[in-house]
Amino acid sequence: MLDADVASATLGITVLKAWDGQAVARMRVTAQMVNGHGIAHGGYIFLFADTTFAHACNSYGPITVAAGADISFVASARLGDELVATAEERTRYGRNGIYDVTVHRETTEGRDLIAEFRGRSRTVGTI
């Protein structure tokens, strides 16, 4: 799926694994992602979390798309930060699902929380 996702591939997003409603991805904040305040533009953080969410909800096979999503920014990401997103399924019911994605920064001291994302999915079969 990532091979056909030009937007995510252009940003250097790497999906490390996706299985049974879960996914883990990595992205480095580049100069093109930094806004006028010198921090990562929130849209890039959202796109990163959304890509990870997409891989988690599509891990079962049928084509699944976002029905909605929201994000809470907790801290700023900066140029050069190595970000990791972890998506976990909360529930699936019928053709719908709810997934939470945590985005954090890898540091020498551990992990710093950057954002929490909640995605709502809808399985559509084929597009």
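The dialogue below goes from the whole chain to single residues.

Student: What kind of model is this, and how are residues numbered?

Tutor: This is a predicted model, where local features need pLDDT of at least 70 and side-chain atom pairs count only at pLDDT 80 or more, while totals for chains, interfaces and linings use all residues. Residues are numbered from 1 along each chain as its sequence is written, and side-chain values use heavy atoms, with hydrogens and water left out.

Student: What is the average pLDDT of the protein chain?

Tutor: pLDDT is the predictor's confidence in each residue, from 0 to 100. The protein chain averages 94, and 98% of the residues score at least 70.

Student: How does the radius of gyration fit the chain length?

Tutor: The radius is taken over C-alpha atoms, and the globule rule is 2.2 Å times the number of residues to the power 0.38. For 127 residues, a compact globule would come near 14 Å; the protein chain has 14 Å, so the two agree. Along the principal axes, the C-alpha atoms fill a box of roughly 40 × 25 × 25 Å.

Student: In what order do the strands form the sheet?

Tutor: Strands of a sheet pair through backbone hydrogen bonds, either parallel or antiparallel. Two strands count as paired if DSSP finds at least two bridges between them. Here 6 strands form an open sheet, S1-S2-S4-S5-S6-S3, with antiparallel pairing. Strand S1 (14-19) and strand S3 (63-73) are the edge strands, each pairing on one side only.

Student: What is the bridge partner of Thr-102 in S6?

Tutor: Glu-116 is that partner. S5 and S6 pair in the antiparallel sense over 12 bridges. S5 and S6 also form a hairpin, with 2 residues between them.

Student: Is Ser-121 buried or exposed?

Tutor: Buried means under 20% relative accessible area, exposed over 50%, and partly exposed in between (1.4 Å probe, protein chains only). Ser-121 has 4% relative accessibility, so Ser-121 counts as buried. Ser-121 is found in strand S6 (residues 110-125). Contact means heavy atoms within 4.5 Å. Leaving out residues up to four places away in sequence, Ser-121 touches several residues, including Phe-53, Thr-64, Arg-95 and Tyr-99. Over the whole protein chain, 35% of the 127 residues count as buried.

Student: Where is Ser-59, and what does Ser-59 touch?

Tutor: Ser-59 is found in the loop between helix H2 (42-57) and S3. Its relative accessible area is 24%, so Ser-59 is partly exposed. Ser-59 touches Ala-18, Trp-19, Asp-20, Gly-21 and Gln-22, not counting residues up to four places away in sequence. Ser-59 and Trp-19 are 40 residues apart in sequence, but 5.4 Å apart in space, C-alpha to C-alpha.

Note on methods
Helices (H or I, at least four residues) and strands (E, at least two) are DSSP runs, numbered from the N terminus.
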